[in-house]
Amino acid sequence: TSDIRSKLPLVGQKMLVTAGPTYEAIDPVRFIGNHSSGKMGFAIADRLAELGADVTLVAGPTAQKSKQQVTRVDVTSAADMLAACLQHFEDADACIMSAAVADYTPAQVATQKIKKQDAGLNIELKKTTDILKTLGARKRDGQVLVGFALETNDEEDNAIKKLQSKNLDFIVLNSLNDSGAGFQTDTNKITIIDSDLQKTVFDLKTKEDVARDICDKLMQLINA
Ligand code: CTP
Ligand code: CA
């Protein structure tokens, strides 16, 4: 089987994938986070491994399990995810950042559980570091960087802004307006926009099939 494996298209390629949400602690029992099952990112990591790549999957809190052999790095917060990504980015030939990273985190984390009071509660939030943008600024020649965009309106304009400001090779646009696409579903409907602003609209598919389409696009860029 090692002989068969050596003929796979992504043998020798190191891939970094992020998946799932991040949890930002408010106190020891509470957090702020986004909806994300992690399914899309795990499907991408599995597909890359199936194609022979050496895959590192940085995963936020999720119930998913990998079906293929991938190196999993479990993280909780956006800050942890950034640190793990920075550690693996240098070596990576390509990165696909599908995680639903929290944009804000509590400015202070209470060391003890915040007790409820009659008055309301205000929690001060500060911005997290944009992981994808940080990697985009460090990208070297030949490295391929892929991001996602989750939009509810002005989808393509917003996705193109993200593609350009984060220095991506292509962006996978997920529209929450498409039925069957979303957080807890097994299906997804995507549009890929590349750095030449070439746009490909895909049908509603299982997340496994969407992962195939994304990896096919990645392989075209790697071989180009
Ligand atoms: N992303 C990231 N680090 C963050 C926020 C987002 O790496 N702190 C990445 C996501 O993994 C995704 C891409 O950036 O690949 C776009 O995420 P999205 O939430 O759609 O865009 P934002 O740039 O965060 O903008 P906004 O939420 O305001 O639309
Ligand atoms: Ca965001």
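This is a predicted model: local features need pLDDT of at least 70, side-chain atom pairs count only at pLDDT 80 or more; totals for chains, interfaces and linings use all residues.
Trainee: Which residue takes a positive phi in the hairpin of S12 and S13?
Mentor: The hairpin has four residues between the strands. The positive phi there is near 65 degrees, and the residue that takes it is Leu197.

Trainee: Over how many bridges do S10 and S12 pair?
Mentor: S10 consists of residues 170-175 and pairs with S12 in the antiparallel sense. The number of bridges between S10 and S12 is five.

Trainee: Which strands stand at the edges of the sheet?
Mentor: Eight strands form an open sheet with mixed pairing, in the order S5-S4-S1-S6-S9-S10-S12-S13. The twist averages 15 degrees from one strand to the next. A strand with a single partner has one side left without a neighbour in the sheet, so the edge strands are S5 (71-74) and S13 (199-201).

Trainee: At what angle does H3 run to S1?
Mentor: H3, residues 78-89, lies across S1 (14-19), S4 (54-59), S5 and S6 (94-97). Its angle to S1 is about 170 degrees.

Trainee: Are H3 and H4 roughly parallel or oblique to each other?
Mentor: The two helices pack with their axes 10 Å apart, at an angle of about 25 degrees. Angles under 35 degrees count as roughly parallel. H3 and H4 are therefore roughly parallel.

Trainee: Which residues of H4 meet H3, and how does the contact divide by class?
Mentor: The crossing of H3 and H4 is right-handed. From H3 come Met81, Leu82, Cys85 and Phe89, and they meet Ile131, Thr134, Leu135 and Arg138 in H4. By class, the residues of this contact are six nonpolar, one polar and one charged.

Trainee: How many charged residues are in the contact of H2 with H6?
Mentor: H2 contributes Lys39, Met40, Ala43, Ile44, Arg47 and Leu48. H6 contributes Lys207, Glu208, Val210, Ala211, Arg212, Ile214 and Cys215. Eight of the contact residues are nonpolar and no polar residue is present, while the charged ones number five.

Trainee: Which element gives the largest share of the shell around ligand 1?
Mentor: The shell has 14 residues, and the closest are Val101, Ile131, Leu132, Gly147 and Phe148. Two elements give two or more residues each, H4 (131-138) and S9 (144-151). The largest share is four residues, and they come from S9.

Trainee: How many nonpolar residues does the shell around ligand 1 have?
Mentor: Ile131, which meets H3 as part of H4, is among the closest residues to the ligand. By class, the shell has two polar and three charged residues, and the nonpolar ones number nine.

Notes. Residues are numbered from 1 along each chain as its sequence is written. Chains are lettered from A and ligands numbered from 1 in the order in which they are written. A residue is near a molecule or strand if its C-beta atom, placed from the backbone, lies within 6 Å of it. Ala, Val, Leu, Ile, Met, Phe, Trp, Tyr, Cys and Pro count as nonpolar, Asp, Glu, Lys and Arg as charged, and the others, Gly among them, as polar. Two strands pair if DSSP finds at least two bridges between them. Axes are lines fitted to C-alpha atoms, for helices over the stretch in contact, and angles run from 0 to 180 degrees between N-to-C directions. Two residues are in contact if their C-beta atoms, placed from the backbone, lie within 7 Å. Angles under 35 degrees count as roughly parallel, over 145 as roughly antiparallel, 65 to 115 as roughly perpendicular and the rest as oblique. A crossing is left-handed if the near helix is turned anticlockwise from the far one by less than a right angle, and right-handed if clockwise.
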